[in-house]
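Have the structure open as you read.

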Amino acid sequence: MSRRKVLELFYDVVSPYSWLGFEVICRYRNIWNVDVRLRPGFLGGIMQASGNSPPAMVPKKGAYMGKDLARLAEFYEVPLRQPSDFYQVVIKKGSLSAMRFVTAVEMSHPEFLEKVSRELWMRIWSEDKDITEPDSILEAAKKAGMSEDQAKRLIESTALPEVKNKLKQNTDEALKHGAFGMPMIVAHIDGKKPQMYFGSDRFELLAHQLGEKWLGPVPQKSRL
């Protein structure tokens, strides 16, 4: 009997490509014979530690990225839209407070992890709204189904060393696997050495390695 295959998705809600990868892996969770583990990390820490820089900081890459994301949003059926002030929202404000909250959810209420992550992506990458202020995070958490009291307690907990350390631990683990950006998937297949896949466009290759079928980014349509 072969061991169950495990896919770990390391992600940050500041990353639009992470949102695409997140939605695809969630769609395939019940189609492929895999367990999915969502691993919130801090993209800023990964970029710094790996010596990488955001693609949008290179003018031609930034211009391409805008067009690329519009095409991918339609293809992946994810309501992704550029923030009106990309530099201020993504580079200046970043996502540290949001990802500490997501980490607190992972630690205390993992049943809300998927929905909270999605609602934060919806705010920053679809509705052009803030994800850094406590009220913004509270709104996203409530939309994800958390009670106000639950969410407020977790927002307060983001100042605790154990939450900060857990986010750093997840980020460091991603770096140990070779991360230089996000999203990053680490595939654990039949006890073999874990394999790292970077980006939201390696699912066809991943399916091949898993011995599964790739049915496109919206598999439910392919199965009709």
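This is a predicted model: local features need pLDDT of at least 70, side-chain atom pairs count only at pLDDT 80 or more; totals for chains, interfaces and linings use all residues.

Q: Which residues does S15 touch beyond its sequence neighbours?

A: Once residues up to four places away in sequence are set aside, S15 touches L43, W121, W125, M182 and P183. Both partners of the cis bond, M182 and P183, are therefore in the contact list of S15, where a contact means heavy atoms within 4.5 Å.

Q: Why is S15 called buried?

A: The relative accessible area of S15 is 4%. Buried means under 20%, so S15 with its 4% qualifies. As for its place in the chain, S15 lies in the loop between β1 (5-11) and α1 (16-28).

Q: What does the UniProt record say about S15?

A: An unreviewed UniProt entry carries the annotation "active site" covering S15. Do keep in mind that such annotations may be inferred rather than shown by experiment.

Q: Which residues have the most contacts inside the largest nonpolar core?

A: They are L7, Y11, W32, F101, V116, W125 and L206, in a core of 70 residues. Helix α1 supplies the largest share of this core, eight residues.

Q: What makes E23 and R118 a salt bridge?

A: Their side chains meet with N to O at 2.7 Å. The cut-off is 4 Å between a side-chain nitrogen of Lys or Arg and a carboxyl oxygen of Asp or Glu, so this pair qualifies. The bridge links distant parts of the chain, with E23 in helix α1 and R118 in helix α6 (residues 113-125), 95 residues apart.

Q: Are E23 and R118 buried or partly exposed, and how do you know?

A: E23 has 10% relative accessibility, which is under 20%, so E23 counts as buried. R118 has 21%, which lies between 20% and 50%, so R118 counts as partly exposed.

Q: What makes R39 and E173 a salt bridge, and what does the pair tie together?

A: The closest N and O atoms of R39 and E173 are 3.0 Å apart, and that is within the 4 Å limit, so the label holds. R39 lies in strand β2 (residues 34-40) and E173 in helix α9 (residues 161-176), so the bridge ties together parts that are 134 residues apart in sequence. R39 is buried at 9%, while E173 is partly exposed at 26%.

Q: How do you know that K93 and D130 form a salt bridge?

A: Their closest N and O atoms are 3.2 Å apart, which is within 4 Å, so they pass the test. K93 belongs to helix α4 (residues 86-93) and D130 to the loop between α6 and α7 (134-143), 37 residues apart. K93 is partly exposed at 42%, whereas D130 is buried at 18%.

Q: Why does T103 count as buried, and what does its side chain reach?

A: T103 has 0% relative accessibility, under the 20% limit, so T103 counts as buried. T103 is found in helix α5 (residues 96-108), and its side chain reaches the backbone oxygen of M99 at 2.7 Å.

Q: What makes the phi values of E77 and D190 worth a look?

A: Most residues other than glycine have a negative phi. E77 is not a glycine, yet its phi is positive, about 55°; D190, also a residue other than glycine, has a positive phi near 50°. E77 is found in the loop between α3 (59-76) and α4, and D190 lies in the loop between β3 and β4 (195-198).

Q: Why are E77 and D190 called partly exposed?

A: E77 has 40% relative accessibility and D190 has 33%. Each value lies between 20% and 50%, so both residues count as partly exposed.

Notes. Residues are numbered from 1 along each chain as its sequence is written. Side-chain values use heavy atoms; hydrogens and water are left out. Helices (H or I, at least four residues) and strands (E, at least two) are DSSP runs, numbered from the N terminus. Buried means under 20% relative accessible area, exposed over 50%, partly exposed in between (1.4 Å probe, protein chains only). A nonpolar core is a set of buried Ala, Val, Leu, Ile, Met, Phe, Trp, Tyr and Cys residues joined through side-chain atoms within 4.5 Å. A polar contact is a pair of N or O atoms within 3.5 Å; within protein, one must be able to donate a hydrogen and the other to accept it, and residues adjacent in sequence count only if both atoms are side-chain atoms.
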